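Try each task before you read its solution.

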Amino acid sequence: HHQAQPARSGRVTTEWGPGVTGRLLTRRLRPAELYAVDAFLAVFVGGALCAYAASESPVSGGVREPLWVSVLTGFVIGLPLAVRRRWPVAVAVTISAAATAALAIGIIPDFAAAAPAFSLGLVAYTLAVSPSVSLRRSLVTAVSCLATVCVALALAAGTLWTAGGAIAYGTLMVAPAWLIGWTVRERRAHADRHSDQMVRQAAVEERLRVARDLHDIVAHTMSLIVVKAAIGNHVADAKPEEAREALRVIEATGRGAMLEMRRVLGMLRDDTPHAPSPGLADLPRLAEQATIGGVE
């Protein structure tokens, strides 16, 4: 019952219900909006998370670099996310190499590894969901990037037990992201296959409808021609004018049937524009054809 009602000022007021909100939240983003989201993630991950993680002081030993080195390291790890949809493999290799170097050298302490792991998780999701990258290549790239980062975590950790925990931590941060991306990719592929199947089914139904229309045209036309031919043959000697009128009706009906058949058969060709079906404006002509056949 919540419909747009005209206000007294002439404007239209709209009730915003859950249906409108749901459509806004579930609609697919346009390419420009997707790149805007990636740019925000690149600045947020690089400028905020990774740069902040690099600026953290190590617990014992490690590298105490200048602030500008920390900020530069953060942006090197985060900024490639802005183009992760365009070059997912190259971005994954770049981010994993930068994160590995930062963790191995100690610019990013091992306790602050969540920031580069979050960036790697985004890249792993993009690798799995991108249709331009095969699943095999996506999996190999993700595993290779994860292995290099885990080696850096193990080297930065020091002890064997801490190294094993670091490797498990990195796996738990990256592997679920890749699995989520793979799931989304499979669901999209299933939706595309279902859409193609619906298109083929609609094409079959359209051809069946065309066949029914063609049958109706042929059946009606041939019935009318047979009736008029029989009348003309019956009155040919006694009433030649009526016989000629029957022949004129047969000629007009045949021409009209040929046009209708050409229109209907043309709909089966992909390169032929579909002519509109008869509408209310054609009702007098259809009634006239029925009247010719003897229907008042």
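Predicted model: local features only at pLDDT ≥ 70, side-chain atom pairs only at ≥ 80, totals over all residues.

**Exercise 1: Helix 5**

Task: Find how far helix 5 reaches from its first C-alpha to its last.

Solution: Start with the limits, residues 114–129. At 1.5 Å a residue, the expected span is 22 Å. The model gives 22 Å, close to that expectation.

**Exercise 2: Helix 3**

Task: Work out which residues of helix 3 are buried, and on which side of the helix they are.

Solution: Helix 3 runs over residues 67–78 and reaches 17 Å, close to the expected 16 Å. Its buried residues include V69, S70 and T73, along with G74, I77 and G78. They cover an arc of only 155° around the axis, which puts them on the same side of helix 3.

**Exercise 3: The largest nonpolar core**

Task: Identify the residues that touch the most other members of the largest nonpolar core.

Solution: The core has 39 residues, and the ones to pick out are I77, L81, I95, L103, I108 and V123. Next, list the elements giving two or more residues: helices 2, 3, 4, 5, 6 and 7. Helix 4 supplies the largest share, eight residues.

**Exercise 4: A buried arginine**

Task: Locate R185 and look for the nearest side chain of opposite charge.

Solution: R185 lies in helix 7, residues 160–234. R185 is buried, and E186 is the nearest oppositely charged side chain, 5.6 Å away. A salt bridge needs atoms within 4 Å, and R185 has none. Beyond its sequence neighbours within four places, R185 has contacts that include L127, A128, V129 and S130.

Methods: Residues numbered from 1 in each chain as written. Heavy atoms only, no water. Helix = DSSP H or I, 4+ residues; strand = E, 2+ residues; numbered from the N terminus. Expected span 1.5 Å × (residues − 1). Buried < 20%, exposed > 50% of the residue type's maximum accessible area, 1.4 Å probe, protein only. Lys, Arg positive; Asp, Glu negative; His and termini not counted. Contact = heavy atoms within 4.5 Å. Arc of directions from axis to C-beta. Core = buried A, V, L, I, M, F, W, Y, C linked by side-chain atoms within 4.5 Å.
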